[in-house]
Amino acid sequence: MSDSSRIAILLVLGSAALTGGIYAVVRPTPPERMKGYRGIIGVLGRWAHFVTRPLLRVAIALRLTANAITAIGAAIALVAGGLAAAGEWGWAAVALVFGSWCDLIDGEIARATRTQGKAGAFLDSNLDRLSEIALFAGLAASFPERSGSIWAVAALAASLMVSYARARGEGLGVECPNFGMERPHRVVLLMFAMLFAPFFPPPAGVRVVELACATIALGATATALWRMIVIHQRLRREEAAPRGAGPSASK
């Protein structure tokens, strides 16, 4: 991993510390949809929303659509996957930071311009899956040992199952509650692992990213299984409800 990637990471972390200090002083009121997130994801989500406000205003002024920002974010994620495959985990993490900002801004643009729709949501979900495939595939190709590649592939498979369980349940008319290791948790964990890995000696840095992949593989697998159980139980209750019963009876 190059020295330039370490400098880029320090600049990103320094900017995060600076804006984090400003956020702590200003303490802006978070949007209602952000209040449901707890823990580190909630803190990072509210901070990221605060930081991206200027970018949001610029994007709206330039008349960029939500779909355009989604496509840019996916392109950056593909670049991150390529950098990861080349062993440049630091640069991959930096690219992932900017790709994640695009992931935040596209939804904000859609809400601000009242252009939310099923087509945009469909595109966003599919490009999110493509981004995960690119990143984990890149990591699998870069690990020097087979164990790391296995964990990366397992993390990818489990992540896709988490998303598929929700999508299939919603396709059958069942709302899936938020819990477990969802995409924000996976992205943040992997991002931090790749940001700090370049500052460790090579063997230790590899272990940091490998541990992140293993944690995602196990956590996402547990989340997918639990979603399957929850959704299956809800579908069984709906099937057992008397015909003609209202929505309240099926719950």
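Which residues have the most contacts inside the largest nonpolar core? They are W89, F136, L139, F143, L190 and M194, in a core of 34 residues. This is a predicted model: local features need pLDDT of at least 70, side-chain atom pairs count only at pLDDT 80 or more, and totals for chains, interfaces and linings use all residues. Residues are numbered from 1 along each chain, and side-chain values use heavy atoms, without hydrogens and water.

**Core**
- A nonpolar core joins buried Ala, Val, Leu, Ile, Met, Phe, Trp, Tyr and Cys residues through side-chain atoms within 4.5 Å; buried means under 20% relative accessible area with a 1.4 Å probe, protein chains only.
- Two or more residues each come from helix 1, helix 4 (66-85), helix 5, helix 6, helix 7, helix 8 and helix 9.
- Helix 5 gives the largest share, seven residues.
- Another core, of eight residues, lies apart and includes L56, A59, I69 and A110.

**Helix 8**
- Helices are DSSP runs (H or I, at least four residues), numbered from the N terminus.
- Buried residues of helix 8 are R183, R186, V187, V188, L190, M191, A193, M194 and L195.
- Their cover includes helix 1 (3-26), helix 2 (39-51) and helix 9 (202-240).
- Beyond its neighbours within four places in sequence, L190 is in contact (heavy atoms within 4.5 Å) with L135, F136, L139, A212, C213 and I216.

Note on methods:
Buried means under 20% relative accessible area, exposed over 50%, partly exposed in between (1.4 Å probe, protein chains only).
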